[in-house]
Each structure stands twice: as C-alpha cells, then as structure tokens.
Amino acid sequence: DDVFQQGTAIVSLTWVKGNHTYKFGGELRNQGDYRLDFSAINGTYAFGTQQTALPYIVAGNAAATVGGQPIGFPYASFLLGLVNNGNVKPGSAARIGKHQLGFYAQDTWKITRKITLDYGLRYDYSTYFKEQYGRMAAFSPTIANATAGGHPGGVIYESNCNCNFAKNYPWAFGPRLGLAWQLAPKTVLRAGFGIAYTGTAQYNLAGGVVSATNPFGPSADPGREVMTLGGGLPLTTQQIAWPNFSANYFPVVSSPGQIVGTGPTAVVDQNAGRPGRQYQWSIGIQRQLTKDFLVEASYVGNRQNWLIATNMLNYNFVSNDILKANGLSLSNPADLAILNATITSAAAGRFQNKLPFTGFTGTVAQSLRPFPQFNGGLAPLWSPLGKAWYDSLQAKVTKRFSQGLDFTYAFTWAKELDNFSSGSFDVQNRPLFKSLSSNSRPFVNGLGFNYRLQAWGKNKIMSLAVRDWELGGFMQYASALPIAAPAATTTPALGNVVFQNTVQNRVAGQ
C-alpha cells in the first residue's frame with residue numbers, strides 16, 4: 001500500500017502605496033510517500049506444463065508440445081508440488097520524501113497613466129526525493145561487486161556511504177519583468193520576460209528502489225522444478241531480510257547458481273536535485289476597433305532545460321567505442337552472429353570462454369557490457385537532460401453584442417520541439433534527439449460564447465428568478481498529435497546486441 005502526503009503552507013502580503021502595489025509571499029511544501037509492501041512475504045508460486053510433460057521432449061524452459069499440441073498439465077504440477085517459478089519478498093516499510101520552499105517580492109508601478117511596469121524576483125529551493133533512513137539502493141559504477149568476482153558495479157546506500165546521491169541546486173532565482181504601455185487611446189502594447197523553475201522531480205516511487213524483489217526459476221535443468229512445496233524455498237541473501245545494506249545485494253538472480261541478473265530498479269541521477277528551468281517571453285498588441293470589438297495578437301515563446309528525460313541515458317549498453325576496441329562492427333553480419341552467440345559456444349569465435357568473471361553465462365554481447373553482471377534494471381531516475389523549444393503566434397478576437405451575448409475566437413500557430421518525447425534514439429548522439437514534441441499541435445482554433453439571460457416580462461418575481469443566469473459553450477478544432485517514428489526492425493534487432501533501441505534501420509553494408 002502507498003500513502004501519499006503533502007503539507008502546504010502559503011503566506012502573502014499586499015501593500016499599496018501611492019502608485020506602487022507591492023506583493024510579498026512564500027510557500028512551503030513537504031511531500032512524503034509511505035510504502036508498506038507485504039505483497040509476497042508468503043511467496044507467489046507459478047506452475048507450468050514442463051514439470052509434468054515428457055522430460056525428453058522439454059526444450060529449455062519452453063512448454064513441451066507434440067504435433068503442435070502442448071502436453072503436461074499445470075494443475076498436475078501443482079498437485080505434485082512442483083514449482084516452475086515464483087517470488088518471495090521480505091516485507092518492507094519505507095518513506096521517501098522531499099521539501100520545497102519559495103519566496104517572492106514584486107512591484108506593480110504605475111509610472112504614468114499610460115505606462116505600467118511590473119518587476120519582481122522569486123527564489124525556489126527544492127530537494128530531491130530521499131528515503132528517510134537512507135535505505136534506498138543506488139548503483140555505484142566504481143564499487144567492486146563480490147557476487148560478480150569483484151567486477152565494478154556494486155550498490156551503495158545513503159545510510160552507510162556517508163554521501164548524498166545527488167546535489168540540491170541552490171541558485172534558482174527567477175526575475176520577472178512586465179510592461180503595459182498605452183500607445184494610443186485604443187491601443188495597448190504588452191511585453192514580458194521571466195525565468196521560472198518547476199521544482200525537482202515530482203512523486204515517483206519506482207518499485208524495487210525501496211523494497212525487495214526476489215524472483216526464482218525456472219530451473220536451469222529443462223523440465224525440472226525449481227523447488228517443491230514440501231521442501232520449501234532455499235533462502236538467498238536477498239530473501240533473508242529488508243533492508244539489506246550489502247554492496248553485493250544485486251544482481252538479483254532467478255535461479256540458484258546463476259550470477260547474471262537484474263540490478264537496482266533505478267539509478268538516482270547525480271543531478272536529481274536540479275529543478276527544471278524555463279525562460280518565458282512575450283510581446284503583443286491589443287486594439288479596440290469599435291466599442292464592442294476587440295482584437296489582439298502576441299508572440300509567445302519559451303525555452304526549457306533540465307527537464308526530466310530518462311530515455312537519454314543508458315548505463316549498460318555496448319557503445320561504438322566498445323565495439324571498436326574489440327574489433328567488431330554492426331555492419332558485418334559475421335560480427336552480429338558472434339555478438340548473439342553464447343560465450344561458451346564455438347559460435348563465439350575468438351571470444352569463446354573469455355568470461356568477464358568466473359561463473360558468467362550469457363552471450364558475447366552481454367559479456368561486453370560495462371557491467372555484464374546485470375541484464376536488467378539500472379533505469380535512470382530523475383535525469384534532468386531534457387530540453388524544449390516553443391514559439392507561437394497567438395491571436396484573439398472578442399465581439400460583444402447587445403442583450404448579454406458575446407463571442408470569442410482564439411487562434412494559435414505554434415512550433416513545439418523537444419529532445420525527449422518522440423521515442424527511442426541513439427544515446428551516443430544526443431543532438432539528434434531534437435524533433436517535434438509528441439504533444440505538438442501546431443494549429444489550434446477555439447470558439448467560445450457566453451449569454452447572460454435578461455429580465456423576462458414585467459413580473460418582478462419571475463424576473464428575479466430568470467435573469468443573470470449564464471449559458472456558455474466552447475468548441476475547438478485543432479491539429480492532431482504527430483505519429484511517432486516506429487522502432488527499427490533491423491534483423492537481428494540491435495537491442496539484442498548493443499542493448500539500446502533505435503528508430504534507425506540499418507542498411508546492409510552501411
């Protein structure tokens with residue numbers, strides 16, 4: 001169960017003196033998430049067909065079939081107590097939270113009857129999410145992992161590493177400036193500029209970051225059970241208790257005797273304490289053409305950086321530099337076959353039995369990863385690498401009729417770009433990420449109306465009951481969202497040999 005809590009305190013003060021209107025204020029937010037996870041302390045067990053099929057027909061851990069029809073019966077496997085795979089998790093009780101505060105001061109200065117200037121400054125300070133007792137596991141690329149024969153890639157915890165996973169950004173000052181200038185009796189020029197900060201990443205509690213998961217099975221011996229219900233589960237180090245502050249807690253493996261497995265569910269970015277920043281500006285003009293007819297047009301733009309973008313990092317892929325250092329090329333079919341080969345097989349060629357550590361099992365590609373003991377996990381958490389660009393023309397026409405009726409038409413023509421929302425890209429070429437935002441809608445038309453009911457008849461009671469009711473409506477016609485480029489279909493899939501997806505299909509010989 002999760003319990004999310006947020007306490008907020010806001011204070012503001014307004015002081016009018018002469019032709020100045022001063023405003024001061026501040027806010028404080030404390031966010032916390034309590035996670036009680038007792039979902040599988042008694043274990044979850046799965047039963048398959050393999051354990052009650054003919055042993056000599058079972059291939060690997062796939063279901064056995066004869067003539068295309070499956071044999072074996074999961075319920076029979078259950079009656080015999082033959083478990084194919086499962087999960088047993090120690091109970092955990094964690095709390096992850098952060099703090100955010102801000103202060104601001106501004107002045108609206110009516111310089112003349114025709115010119116008004118707004119200026120101010122805001123300061124924000126946000127911390128990154130932390131587990132209150134430092135029990136969150138984080139990946140360290142430098143700590144030796146005894147489980148993997150001392151290969152780099154262990155786990156650290158804030159409770160015992162005498163460190164912080166990230167630094168909080170202390171310089172989030174946001175100035176604001178605005179101008180309203182009446183150029184003529186019926187024409188007003190408006191302009192503004194400001195810097196705003198979003199705060200650090202919001203609520204995000206990723207599964208095993210503060211709880212344990214201990215999957216097991218299927219058995220490495222085809223068709224055999226990984227355990228019997230009568231014999232019980234042989235406990236591993238991970239399954240004994242939580243929290244476990246061992247640097248060798250990961251990888252979590254599914255079968256006894258294995259070494260390669262999943263790493264920490266997520267890796268806290270060292271810049272997780274940096275809030276998103278946005279530069280905003282606009283300039284526009286308003287013109288009253290007639291008594292009841294108003295038009296306005298503005299250019300609105302912004303630039304954003306330090307946005308959360310997890311798909312721009314991959315801590316454990318086979319880079320071009322690694323391939324080059326090992327004399328391999330993705331353009332060579334023979335090299336692709338070697339990368340896909342099991343390292344103990346003859347198909348591995350010159351890489352046969354060149355294990356990164358004793359007990360390693362897997363493909364040549366897996367052995368070349370920076371941290372070959374991990375075949376999953378290590379997802380970036382709160383990485384502020386995203387950027388966004390926005391430019392638009394925004395126009396509006398307002399027409400008021402008699403008898404309480406008015407219409408408003410608004411039109412926006414925008415261009416929205418970012419470097420993180422359009423799918424999977426090559427993390428080795430981040431500048432190529434810039435593309436249309438997945439939320440881009442370049443043309444938006446909106447038409448709204450309001451009608452205030454008038455007095456009806458001469459009866460005062462009826463008039464009071466009917467008048468001043470408002471009816472309103474809004475209609476929008478806009479561009480649809482863009483269609484994302486599909487993932488590459490190159491065979492063999494590059495995700496299996498470099499562990500990094502892409503939208504770029506490879507051409508033979510290129």
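## Reading a predicted model: core, sheet, strand residue and disulfide

Me: Which residues have the most contacts inside the largest nonpolar core, and how many residues does that core have?

Reply: In soluble globular proteins, nonpolar side chains tend to be buried together. In this predicted model, the largest nonpolar core has 23 residues. Those with the most contacts inside the core are Leu-323, Leu-330, Leu-339, Val-364, Leu-368, Val-497 and Val-498. The elements that contribute two or more residues to the core are α4 (333–340), α5 (364–368) and α7 (494–497).

Me: Which residues does Leu-368 touch, not counting residues up to four places away in sequence?

Reply: With that exclusion, Leu-368 touches Val-318, Ile-322, Asn-326, Leu-328, Leu-339 and Phe-351. Of these, Leu-339 is also listed among the residues with the most contacts inside the core.

Me: Over how many bridges do β7 and β15 pair, and which residue in β15 stands opposite Gly-86?

Reply: Strand β7, residues 85–87, pairs with β15 over two bridges. The residue opposite Gly-86 is Phe-216.

Me: Let us take a single residue next. Where is Ser-140 found, and is Ser-140 buried or exposed?

Reply: Ser-140 belongs to strand β11, which covers residues 137–145. Its relative accessibility is 7%, and residues under 20% are classed as buried, so Ser-140 counts as buried.

Me: Which residues is Ser-140 in contact with, leaving aside neighbours within four places in sequence, and what lies 3.5 Å from a polar atom of its side chain?

Reply: Beyond those neighbours, Ser-140 is in contact with Gly-153, Gly-154 and Ile-156. A polar atom of the Ser-140 side chain lies 3.5 Å from the backbone nitrogen of Ile-143.

Me: How many disulfides does the structure hold, and which residues are joined?

Reply: A disulfide is a covalent bond between the sulfur atoms of two cysteines. The structure holds one disulfide. It joins Cys-161 to Cys-163, with an S to S distance of 1.9 Å.

Me: Why is the disulfide of Cys-161 and Cys-163 described as left-handed?

Reply: The torsion about the S-S bond of Cys-161 and Cys-163 is about -90 degrees, and the disulfide is therefore left-handed. Cys-161 is partly exposed, at a relative accessible area of 24%. Cys-163 is partly exposed as well, at 29%.

How values were computed: Residues are numbered from 1 along each chain as its sequence is written. This is a predicted model: local features need pLDDT of at least 70, side-chain atom pairs count only at pLDDT 80 or more; totals for chains, interfaces and linings use all residues. Side-chain values use heavy atoms; hydrogens and water are left out. Helices (H or I, at least four residues) and strands (E, at least two) are DSSP runs, numbered from the N terminus. Buried means under 20% relative accessible area, exposed over 50%, partly exposed in between (1.4 Å probe, protein chains only). A polar contact is a pair of N or O atoms within 3.5 Å; within protein, one must be able to donate a hydrogen and the other to accept it, and residues adjacent in sequence count only if both atoms are side-chain atoms. Contact means heavy atoms within 4.5 Å. A nonpolar core is a set of buried Ala, Val, Leu, Ile, Met, Phe, Trp, Tyr and Cys residues joined through side-chain atoms within 4.5 Å. A disulfide is a pair of cysteine sulfur atoms within 2.5 Å. Two strands pair if DSSP finds at least two bridges between them.
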